[in-house]
Amino acid sequence: MADIWQAIRAITPGDEFRVCPACGYKLGFHTSLLRTEGGLLVILICPECGARFDTGWMVPDGRSA
Ligand SMILES: [Zn+2]
């Protein structure tokens, strides 16, 4: 699990977060969800270079209560 977190960079999106800061890819991101104690954390993944970014966005896990 530790290796997964080390590969993710925390970012603070401005008005728009569309360009990958790692490689310059300009057409947006894929998304994945990473389980945390507080819910599911939205992770953005660059489709070009695979860099992963933590936006701080959390979504509830509707399947565990
Ligand atoms: Zn990239």
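**Hairpins, sheet and zinc site**

Biologist: Which residue takes a positive phi in the hairpin of S3 and S4?

Modeller: The hairpin of S3 and S4 has 6 residues between the strands. Strands are DSSP runs (E, at least two residues; helices are H or I, at least four), numbered from the N terminus, and two strands pair if DSSP finds at least two bridges between them. The residue with a positive phi, near 85°, is glycine 50.

Biologist: What kind of model is this, and which atoms do the side-chain values use?

Modeller: This is a predicted model, in which local features need pLDDT of at least 70, side-chain atom pairs count only at pLDDT 80 or more, and totals for chains, interfaces and linings use all residues. Residues are numbered from 1 along each chain as its sequence is written; with hydrogens and water left out, side-chain values use heavy atoms.

Biologist: In what order do the 4 strands form the open sheet?

Modeller: The protein chain has 1 helix and 4 strands, and along the sequence the pattern is α-β-β-β-β. The sheet has mixed pairing, and its order is S1-S4-S3-S2.

Biologist: Which strands are the edge strands?

Modeller: An edge strand pairs on one side only. That applies to strand S1 (8-10) and strand S2 (30-36).

Biologist: How many bridges join S2 to strand S3?

Modeller: S2 passes to S3 through a hairpin of 2 residues. Within this pair, arginine 35 stands opposite leucine 40 in S3. S2 and S3 (residues 39-45) run antiparallel, and the number of bridges is 7.

Biologist: Which residue in S4 is the bridge partner of leucine 44?

Modeller: S3 and strand S4 (residues 52-59) run antiparallel and are joined by 5 bridges. In S4, leucine 44 has as its bridge partner phenylalanine 53.

Biologist: How many residues of S3 are buried?

Modeller: Buried means under 20% relative accessible area, exposed over 50%, and partly exposed in between (1.4 Å probe, protein chains only). Of the 65 residues in the protein chain, 28% are buried. S3 is mostly covered, and the count of its buried residues is 6 of 7.

Biologist: Which residues make up the largest nonpolar core?

Modeller: A nonpolar core is a set of buried Ala, Val, Leu, Ile, Met, Phe, Trp, Tyr and Cys residues joined through side-chain atoms within 4.5 Å. The largest has 8 residues: Ile11, Cys20, Phe29, Val42, Leu44, Cys46, Ala51 and Phe53.

Biologist: Which residues does isoleucine 8 contact, leaving aside neighbours within four places in sequence?

Modeller: Isoleucine 8 is found in strand S1 and counts as buried because its relative accessibility is 11%. Its C-alpha atom is 8.1 Å from that of isoleucine 43, 35 residues apart along the chain. Contact means heavy atoms within 4.5 Å, and the residues in contact with isoleucine 8 are Leu34, Ile43, Arg52, Phe53 and Asp54.

Biologist: Which geometry does the site of the zinc ion have?

Modeller: Donors are N, O and S atoms within 2.8 Å of the metal (3.2 Å for Na, K and Ca). The zinc ion is coordinated by Cys20 (SG), Cys23 (SG), Cys46 (SG) and Cys49 (SG), at 2.3 to 2.4 Å. Four donors count as tetrahedral if all angles lie between 85 and 135 degrees. Here the angles among the 4 donor atoms are 105 to 112°, and the site is tetrahedral.

Biologist: Is cysteine 23 buried or partly exposed?

Modeller: The donor residues are spaced C-x2-C-x22-C-x2-C in sequence. Cysteine 20 counts as buried because its relative accessibility is 2%. Cysteine 23 has a relative accessible area of 38%, so it is partly exposed.

How values were computed: Four donors count as tetrahedral if all angles lie between 85 and 135 degrees; four count as square planar and six as octahedral if opposite donors are over 155 degrees apart and all others between 65 and 115; anything else is irregular.
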